Amino acid sequence: SAGVELHHSSGAYRITPTEVNSRQSSCLTNFLLSGRSVMLEMQKRSSNKTMSHMLTSHGGEIFIHTLSSSRSTLEDPPSISEGPGGRVTDYRIPDLAHLMRTHRLAPWPGPSTGETIKPNARAKQMLDRATKVFPTTLSSTTIFQMPVVAPMISLLQGDTLTEEGVAECQKIIYSLISMETKGETLPGPLAGTSTGKKGGRKDEQFRLMFTELEKFALCHSTHSVGHY
């Protein structure tokens, strides 16, 4: 190949021909020193082949580059919508947009009476709290796809949790238990779970959902006395 080409390599090593005076070595050396490159293939376990090494020259010396055979993150960037350009297409785009809207910075009018936390520190605190548990894809969460759990998530992310808020959270938990008793199907990745004999059972789906909900609640349990 001619011209400068960029390849994702994991190493580069200077080499010399074993038979300097042979015709084959002379032709290859002159070819490489002219600014061209030679790609070397490797047979994979399947019938396909992959580029494994590259011969090229730098500053009048010949180098062999070890090319990365795994998929590079720069080669196929994730897509944020359906279509070509990436393999991950189930990002929580509306939730991310809502997160950005609710955490926009506004002009500070000045310190108020009794204010102890600076605006930048408070903004960072609120953002850290909102992203402490924030799955990026729909396939990695269940509770963030359940409208019945949304009020509880909002209450737990607040600065304080009143007795009314605690009662509301308990009401939501009882509602989830009622859904389990009725055998309702959960949204998200657990809806299509079918691994093993027990994987597709409703009780296993609800167990995984309650585990995710418990993890979320524990992460926000230190915000205030009411959270605890």
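A term to start with: contact means heavy atoms within 4.5 Å. One caution too: this is a predicted model, where local features need pLDDT of at least 70, side-chain atom pairs count only at pLDDT 80 or more, and totals for chains, interfaces and linings use all residues. Residues are numbered from 1 along each chain as its sequence is written, and side-chain values use heavy atoms, with hydrogens and water left out.

The overall picture. The protein has 7 helices and 4 strands; these are DSSP runs, numbered from the N terminus, with helices (H or I) of at least four residues and strands (E) of at least two. The order along the sequence is β-α-β-β-β-α-α-α-α-α-α. Of its 228 residues, 25% are buried. Buried means under 20% relative accessible area, exposed over 50%, partly exposed in between, with a 1.4 Å probe and protein chains only.

Now helix H1, residues 23-33. Which of its residues are buried? Ser25, Thr29 and Leu32. Down the helix axis, the buried residues of H1 fall within an arc of 70°, so they line one face. That arc is taken from the directions from the axis to the C-beta atoms. In general, an α-helix has 3.6 residues a turn, so residues three or four places apart point the same way.

What do the buried residues of H1 pack against? Three strands: E2 (38-43), E3 (49-58) and E4 (61-67). The face turned away from that buried side carries Arg23 and Gln24, both exposed. After H1 comes Gly35, with a positive phi near 100°.
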